[in-house]
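Please look through the following structure with this briefing beside it, which starts with terms and then goes topic by topic.

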Amino acid sequence: MPVRRPPLILALSLVPALALSALAGCGQDAPQGPPPPSAESQAAIKDDGGAPRAALGRAIDGLFAEDVGRTQALVVMKRGSVIAERYSDGVKPETALDGWAMGQCVTALMVGQLVSDGRLRLAESAPIPAWQRPGDPRGEITLKQLLQMRSGLRHSESGASVPGGSAGQSDRMRMLYLDGRDDMAAYAEAQPLEAPAGARFVNSAATPVILSDLAARALSPDRNPDRRRKAVGDYLRNRVFTPLGMSSASAGFDRSGTMVGSASVHASARDWAKLGEFLRHTGSIQGAQILPRRWVQFMLEPSPRNPGYGAGVWLNRTKAKAGPAGDEVLFPGMAPGNVFACLGEYGQYVIGSPDQLLTVVRLGESDAEQQRLVHDRLGKLLAMFPGGL
């Protein structure tokens, strides 16, 4: 029995080839334009904040697509209110997630409170006993230089910077997971100078650990791990987490009682967003100045050796090349110049944009290639809002 073709197909089979070429693009293979936003992304949008709603929905979908790895949480705040929020399966608004290197931003806030209290001094030599021995050039390193990642101490952040080395041989991995893990500050502080203090910028996971040790020395009378842990934990909670409303936040410590200031800070996406809002408002919450304004301004000022880094915070300037494969860390040319961000490994972002009245948080698990896509899509998301470039 002959197969009956639908009338449209039968008709097209009789059209000369030239006519068919003119009809190309009218069938199923024709460009369809960008897909509409999913129902899930639309449900995530409470208020478009002035961005094109459909485009914002597609941007949210793009940040949850498979090609970026796994996005666990996305929170967008405008004028202090959450306007878009979405989570992956198994993650809830109250789930505390690891910020990885975003911990250095928390460490800088804690140090700021200690400076405000007069327990540490920004321009003086960092009070590390081993560095104060006569003739030790590390005695020239100031607290300010540590905060701006220009201590001059030898440090390899990745295995690629170790001649013939693997990832496991980097100072970062050795400090966090291998021979330095029980006393990370001792490992970090034992490194020799590789450049004069203040002369060179090096993104270093060891530096926030040294800062955490300085905090413990200022707050605890001795080296007892339990007392150090309690003193720093209480101070961090009372002077940083609680005033910011970060009720889900917690910090990790090594066996010596030193806070792992470059990692191991966990908080919900909403609480990470509160940190971004706090910085966006230069240390105030609802008009109350929690941290001196001049300290947050210092955090957001360019380091003398890298205009793309402040103190615990990355800045939206050119020549900041600490991203995957040397990519721009933030979004020069895509977002306002005063955009800043706390950044963590595997694609963690807390982005603040004062001009746009925005805070954006992305938490997840992405490899180096996937992080490039996350970076590009976050930049495009920022550009959608009024005030973007």
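A residue counts as buried when its relative accessible area is under 20%, as exposed when that area is over 50%, and as partly exposed in between, with a 1.4 Å probe and protein chains only. The model is a predicted one, in which local features need pLDDT of at least 70 and side-chain atom pairs count only at pLDDT 80 or more, while totals for chains, interfaces and linings use all residues. Residues are numbered from 1 along each chain as its sequence is written, and side-chain values use heavy atoms, with hydrogens and water left out.

**Loop residues with positive phi**

- L357, found in the loop between β10 and β11 (358–365), has a positive phi near 60° although this residue is other than glycine; helices (H or I, at least four residues) and strands (E, at least two) are DSSP runs, numbered from the N terminus.
- L357 counts as partly exposed because its relative accessibility is 28%.
- Y346, which is not a glycine either, has a positive phi of about 70° and has its place in the loop between β9 (340–344) and β10 (348–353).
- Because its relative accessibility is 36%, Y346 counts as partly exposed.

**Strand β1 and its partners**

- Strand β1 (residues 70–78) pairs with β2 in the antiparallel sense over six bridges, where two strands are said to pair if DSSP finds at least two bridges between them.
- Within this pairing, L74 has R86 of β2 as its bridge partner, and V76 stands opposite A84 in β2.
- The two strands β1 and β2 form a hairpin with two residues between them, and R79 in the turn has a positive phi of about 50°.
- β1 is also joined to β11, by eight bridges and in an antiparallel run, with M77 standing opposite T359 in β11.

**A three-stranded open sheet**

- Three strands form an open sheet with antiparallel pairing, in the order β3-β5-β4.
- β3 (97–98) and β4 (250–251) stand at the edges with a single partner strand each, so one side of each has no neighbour in the sheet.
- β4 and strand β5 (residues 265–267) run antiparallel and are joined by two bridges, and A251 stands opposite V265 in β5.

**Nonpolar cores**

- The largest nonpolar core has 70 residues, of which W272, L275 and L279 touch the most other members; such a core is a set of buried Ala, Val, Leu, Ile, Met, Phe, Trp, Tyr and Cys residues joined through side-chain atoms within 4.5 Å.
- Helix α9 (residues 206–219) supplies the largest share of this core, eight residues.
- A second, separate core of 32 residues includes F64, M149, W314 and A341.
- Leaving out residues up to four places away in sequence, W272 touches residues including L97, G99, M102, V265 and L363, where contact means heavy atoms within 4.5 Å.

- Apart from its neighbours within four places in sequence, D213 is in contact with I128, A185, E189, R223, R228 and T258.

**The second largest pocket**

- On a 1 Å grid over the protein atoms alone, a pocket is an open set of points where a 1.4 Å probe fits, with protein on both sides within 12 Å along at least five of seven lines, and lining residues have an atom within 4 Å of a point.
- The lining of the second largest pocket consists of M77, G80, L244, K274, E277, F278, H281, S284, I285 and Q286.
- The elements that give two or more residues to this lining are α11 (269–280) and β6 (284–285), and α11 gives the most, with three residues.
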